Amino acid sequence: MICLLRQFLFASWKIMLDKERRDDTGYFTTASAESVRKKQPDDTSYMMIYRENKILVREGETLAFLTYRELREICETAGEMAPQSIYLFSVGEETYFLTELPEHLTPEGYCFEKMFAVRSGKPKEHILAAATAWHLYEWYRDNRFCGRCGQKLMHNGTLRMLFCPACGNQVFPKIAPAVIVGVTDGEYILMTTYANREYKRYALIAGFTEIGETAEETVMREVQEEVGLKVKNIHYYKSQPWGFDQNLLLGYFCELDGERDIVLDTGELATAEWVHYSDVPEDPEGLSLTREMMSVFQKNFTSEKMS
């Protein structure tokens, strides 16, 4: 079964970046021209609100966000103006905005949840929206001033970009390419668990692409560094944006080249083991490229055995 991510992210998931000037809030950068029309939220717009590594969501099993109508009513009751917002993206007819919530205002029925906990929520398209908004929130938060001359950055009117009016420096959202590697040896796939991370389920070899390195070279280097193995027949599977960590994940399968004895990098991994396709665990999230690749490996062998 194809992962739901294919359905939501690669088919119906259409992030339409706004080509109008974005509003400014508190610690975000300011708009550079009042003459440029700003996109405003309507009553049904979702307001993405973050504090540290947490997101404001409605209490309950379904992942839902505060609407602009709710935010406006909360502020009106408190005798305050609704905070300004930054347009983020649209998913179908749904629009998403980034804003802040005053510390003393707590919407009834809402709470701040860790971003990590959001991964297990439903529906999947809201998880991806929360992750993408988080990616942009971190970018806006961390890029208030020009790294070249120190002046305050401004919003560009047509691109998802910040620019410095003093020196012309341009700052685009940070996207870190990383590989996910399914190392196989016949009916076995190499599965790992991370060391010192919140995520405790099975994973695959993974790592960031270095400067001057191709993705295929990253595959070979990361496998060698993390488990001491050599690989061959590297082939690309698919990619996935992963806003939780500002990544663009590139999925690759490859075959073991030589001995299968593992030399574990304990600084990166807690465990690494060869797992038979029949023992690959089910995917409880249906969200990540890593888990999809595990399922694809398993189902390929299952189909062959049944045919």
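Select helix α4, residues 124-142, in this predicted model. How far apart are its end C-alpha atoms? They are 27 Å apart. That agrees with expectation, because 19 residues at 1.5 Å a residue should span 27 Å. Now colour α4 by burial. The helix is mostly covered, with 15 of its 19 residues buried.

Pro 123 sits in the loop between α3 and α4. Select Lys 122 together with Pro 123 and look at the peptide bond from one to the other: this bond is cis, with omega near 0°. Most peptide bonds are trans.

Zoom out for a moment. The protein has six helices and 15 strands. Of its 307 residues, 48% count as buried. Consider next the contacts between residues at least 6 apart in sequence: 65% of them join residues at least 24 apart.

Next, select α5, residues 215-227. This helix has 13 residues. From first C-alpha to last, α5 reaches 18 Å, close to the 18 Å expected at 1.5 Å a residue.

Which residues of α5 are buried? Show Ala 215, Thr 218, Val 219, Arg 221, Glu 222, Val 223, Glu 226 and Val 227. Charged side chains are on that list, including Arg 221, Glu 222 and Glu 226. The buried residues of α5 pack against β10, β11, β12, β13, β14 and β15. Then move just past the end of the helix. There, Gly 228 takes a positive phi of about 70°.

Follow the chain to strand β13, residues 231-242, and pick Asn 233. What is its phi? The value is near 50°, positive in a residue other than glycine. Most residues other than glycine have a negative phi.

Continue to the loop between β13 and β14 and select Gln 246. Its phi is also positive, at about 60°, although Gln 246 is not a glycine. Is Gln 246 buried or exposed? Buried, with a relative accessible area of 8%.

Now display the surface and find the largest pocket, with a volume of about 810 Å³. It is lined by 31 residues. Select those closest to the pocket centre: Arg 119, Tyr 194, Arg 197, Trp 242 and Asp 245. Which elements give two or more residues to the lining? They are α3 (115-118), β10 (176-185), β12 (205-208), α5, β14 (247-256) and α6 (289-306). Colour the lining by class: 15 residues are nonpolar, five are polar and eleven are charged.

Go to strand β15, residues 269-276, and select His 276. At 16% relative accessibility His 276 counts as buried, because the cut-off is under 20%. Show what surrounds this residue. Leaving aside neighbours within four places in sequence, His 276 is in contact with Glu 187 and Tyr 188.

Jump back to the loop between β7 (154-155) and β8, and select Asn 156. This residue is buried, with a relative accessible area of 14%. Where does its side chain reach? Another is the backbone nitrogen of Leu 159, at 2.7 Å.

For the last stop, select Cys 167, in the loop between β8 (162-163) and β9 (170-171). Cys 167 is partly exposed, with a relative accessible area of 30%. Which residues is Cys 167 in contact with, leaving aside its neighbours within four places in sequence? Show Cys 146, Arg 148 and Cys 149. Finally, draw a C-alpha to C-alpha distance from Cys 167 to Gly 150. These two are 17 residues apart in sequence and 9.6 Å apart in space.

Note on methods. Residues numbered from 1 in each chain as written. Predicted model: local features only at pLDDT ≥ 70, side-chain atom pairs only at ≥ 80, totals over all residues. Heavy atoms only, no water. Helix = DSSP H or I, 4+ residues; strand = E, 2+ residues; numbered from the N terminus. Buried < 20%, exposed > 50% of the residue type's maximum accessible area, 1.4 Å probe, protein only. Contact = heavy atoms within 4.5 Å. 1 Å grid on protein atoms, 1.4 Å probe; cavity = no way out; pocket = protein on both sides within 12 Å on 5 of 7 lines; lining within 4 Å. Points joined across faces, edges and corners; volume = space filled by probe spheres on them. Polar contact = N/O pair within 3.5 Å; in protein donor to acceptor, adjacent residues only side chain to side chain. Expected span 1.5 Å × (residues − 1).
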